[in-house]
Structures are given as structure tokens and as C-alpha cells.
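We will go step by step.

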Amino acid sequence: MMRLVTLFLTASSAAGFLAPLRQPQSAVSSSSILSPLTSLQAVSPVLDQVTTTPQKIYLKKDKELPKVLGGLKIGLRELVVITGASSGLGLATAVELSKSGKYFVVMAVRDVEKAKKVAKERGMPDGSYVAMKLELANLESVRDFVTNLKAFKAGRPLNHLICNAAVYLPTDPKPQFTDDGFEMSMGVNHLGHFLLVNLLLEDMAKAKNARCCIVGSITGNTNTVGGGLVYPQADLGNLSGLEKGMKQPITMADGKPFFGAKAYKDSKVCNMMTVAELNRRYHKDTGIIFSSMYPGCIAETALFREKRTWFRKLFPLFMKYVTGGYVGEEEAGQRLAQVISDPRCNKSGVYWSWNGGAQTVGRWSPDGKPRGAGGSGGEIFENQQSDAVRNPVVAKKVWEYSKKAVGLS
Ligand code: NDP
Ligand code: PMR
């Protein structure tokens, strides 16, 4: 055990994770623009109201949709949209909810064929889900997804929305940008979801007991060891990057040089602040339950695809046997599904966590409060976010700047 701890700490430290003096890599290049959709050819649309340009593909390839009367297909089940449902936590949640028989799942994914394949592999019952194109790195795709969803659900309200998709790009020396020119982590994890939620609020307001969960993380919260002691820390600074619109050459919310690992954590702070603002602005009038959650450390997901092989091998062991923060995909999926389905989660503005990894409860909270490392097992509880995440003045600014960035104001 000690050898494992030493090995991971040494390797992590050598890689700079515990070295607060390491300078972030600074590289902003307009030549590194990533345009994932630009090479795709236009094909004829299947839904009349979807207009297409040569840059975009949406539902057009999905032969399933024109044949389906979505409203009928959904039946008496509650309709839930899950972004990033083609792998990891999102897929595990989709499996859990679709198998319960109570929910019809819209898998909102960037790769529809992949989603269909994994849904079958994981035994999601036929007729309990549909895969729809959503490319969060393209705001037009977000808008088209909403149009297509409305057409599919044919006037039914949207019961639940889970914003789960994310990218983590800690080793990119240069920033990647979305089609709209936003730094990729901020663009996909925060701004794409920000637009999506705003466009779907009206449909959710029509549902009884609607719930909207945006997945957060311990690593965005500096009141924990995972978020507070491991470099880099999330920090939105003076928000000058977001205020200026987050478009290239700007790469960070604080306006500083690009630093991929921090960009992810900053985006998670924005996710959690968005929930706080949604709750403040809309809960009372719409009845929608807004929440965020930390699923535990699901150390084997594709989120860590950029990490080196040694890290991907050691990280799950470190989380299992040292921090007690490890949780498997299936259990994490049950947790996120619980936030949507459990009557105990019928409370808005909460950041849900689980106090599994019992021996670590309290031990890993710098202020000694029992937060839990989120490991397997344990009970759900209302966690407390860091002061920085709970700051209402900053959250309001994040809301306003984000609105402007995605063209809502
Ligand atoms: P995965 O990489 O397995 O899942 C992320 C999903 O997001 C994938 O389905 C991916 O699609 C999708 N996605 C990525 N980019 C885009 C895009 N541009 N447009 C649409 N979809 C996109 O990671 P996890 O399951 O681990 O992460 C899920 C959530 O959990 C994230 O919000 C993450 O921040 C959060 N989280 C994860 C933790 C962990 O320990 N793993 C801990 C705390 C929070 P595709 O399948 O095509 O790759
Ligand atoms: Mg971290 C209780 C201690 C704890 C917890 C719960 C996590 C969760 N981590 C903890 C501690 C440590 N981590 C320590 C002591 C180290 C130094 C060795 C450490 C390192 C570390 C790295 C390098 N941890 C990481 C990384 C990542 O690249 C992960 C990350 O930040 O992804 C954004 C990560 C994580 N640790 C966690 C969790 C949940 C992650 C994934 C976070 C996320 O997806 O938001």
C-alpha cells in the first residue's frame, strides 16, 4: 500500500500536480482552430423545420426519427435528456433510467451511431430511448438539437435534463477551439450547456416536478483536498476572459494564458454557478428543481483519455486504496439517476454528494467538515461548495457574461 501511495505521489509530483510554482503552459495559436464539423457534407434533412448548411449534420442521418411518432413512443414515461450519454457516467445513467421503465431517454450525443451501438450493448430496452445529435462545440448544433427535440416530443413537456457531457484536456500544449471560437473545455462543458438549458427551460416549466441537473465536481471546489490541494486550483479570477466573450485568442475565463487542466476545473465552477443562478432566477416561478452533483471519482472513464498510460493504470488504484474516492461507472450512474428520481432530491439549489469511502469522511476536508471523498457506498447528502463557488456576485456575472457569449443577450 505504502509503495503504491509513494509511487503515485512521486509520479504525480514529478508531473507537476503538487507543484504550485509550476507555470502554466502559455500557447495561444489561431492556427490550432479545431472545427470538427467543417468537413462534413450536407445531406437532405429529415425534419422540415431543420435548415442545414454545408457545415452541419444533425438528425439527417438518423433514419429512425422520421418513422417515429415521438409523442406516442414516449408513452406514459417521463422524458429525460442526457448529454454525453454515449460513454461513462452519462451512459451508465441512461442505462439505469431506461431500464427502470419509468423514463424515456433521449441520448443527446455527438456520435449517434456510437450511442446506438453502446445502448444495445448495455441492454437498454428497445423503445426506451432514442439517440439524437448534439455537438456542444457548435452553438448552431445546440439550437438544432432543441428544434429536433421539440419536433420529436410533439408538444409534450420535457420532464428532466441532465447536462453531463464534458472534455478534460490537461495535456494539450495549445488550446483547441469550438466552431464558435470558444476554448474547448469552457465551450463544451459550460457554454454549450448554458445555451441548451436556457433554450429548454420553457419546455421543462410545463412539466410537473421537472428536474435539471448539471454535473459538477469536487475538483472545482477548493474546500476539498481533491480540489484545494491538487494543482492547479479552479479560479475564475476577475472573469476578464469570460467578460470579453471567451473567444480566441482568449482561452481562459480569467484572461490568463491557456492551461488545460485549469480550464476544465474553471468550467466545472461555471457549471455549478449556473445551477445556483438557475435556482435563484427560475425555481420559484417554474417549480423546476435545479441541482448539481459530484458522482465520486469514476477513475476509469474516457474523461482521462489524454492522460498517460501509467496515470490511467495507477489513478483508479490510488483513488480506491488511498483516498477512498473511487466509484465504479455503474454505481455513479445510479447516483446521477437518483438525483432525477429520488423523492429526497426534490429540493432545488443543492449540490449532491455521497459519503462513501467511510473511513475518509471528514479526513479529506481541510476544515474537518464531513464531506466524504465520494467513494463507493454511503448515503446521499447535501454537500457544501467552496466559498468561491457559492459567491453570488461572481455567479451573477458568470451568468450575464455567458448569456452574452452564447448570443442570448
Ligand atoms: P466521459 O468522457 O466518459 O464522458 C463524457 C461524454 O461527453 C462522452 O459521452 C462524450 O462523447 C461527451 N462529449 C464530449 N465532447 C462533446 C461534445 N463536443 N459534444 C457533445 N458531447 C460531447 O467522461 P465521464 O463520464 O467521466 O464524465 C461525465 C461527467 O462527469 C462530466 O461532466 C465530468 O466533468 C463529470 N465528472 C467526472 C468524474 C470522473 O471521475 N470521471 C468526477 C467528477 C465529475 P463521446 O462518447 O463521443 O466521447
Ligand atoms: Mg485527485 C480525497 C482526496 C482526493 C479526491 C477525492 C480526489 C478526486 N483527488 C484527491 C486527492 C489527490 N488527487 C491527491 C492527493 C493528488 C496528488 C497525488 C491527486 C492528483 C490528481 C490528479 C493528477 N487528482 C486528479 C488528477 C486528475 O487529473 C483528475 C482531475 O483533476 O481531473 C479533472 C483528478 C481527480 N481527483 C479526484 C477526482 C474526482 C478527479 C477527477 C476530477 C473531475 O473529473 O472533476
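Here is a short tour of a sheet and some helices.

This is a predicted model, where local features need pLDDT of at least 70, side-chain atom pairs count only at pLDDT 80 or more, and totals for chains, interfaces and linings use all residues. Residues are numbered from 1 along each chain as its sequence is written, while chains are lettered from A and ligands numbered from 1 in the order in which they are written.

**The sheet.** Start with the strands (DSSP runs of E, at least two residues, numbered from the N terminus, as are helices, which are runs of H or I of at least four). Eight of them form an open sheet with mixed pairing, in the order β3-β2-β1-β4-β5-β6-β7-β8. At its edges, β3 (129-133) and β8 (380-383) each pair on one side only; pairing takes at least two DSSP bridges between two strands.

**Inside the sheet.** Now select 78-83 and 160-163: these are β1 and β4, paired in the parallel sense over three bridges. Look for Ile82, which stands opposite Ile162 in β4. Next, show α7, which packs on the sheet and touches β1, β4 and β5 (211-215); contact means C-beta atoms, placed from the backbone, within 7 Å.

**Helix α14.** Move on to residues 392-405, a helix of 14 residues. Which of its residues are buried? They are Ala395, Val398, Trp399, Tyr401, Ser402 and Ala405, where buried means 20 or more other C-beta atoms within 10 Å of the residue's own, placed from the backbone. These buried residues pack against α7 (184-205), α9 (240-243) and α10 (260-286).

Note on methods:
Expected span 1.5 Å × (residues − 1). Buried ≥ 20, exposed ≤ 12 C-beta atoms within 10 Å, placed from the backbone. Contact = placed C-beta atoms within 7 Å. Axes fitted to C-alpha atoms, helices over the stretch in contact; angles between N-to-C directions.
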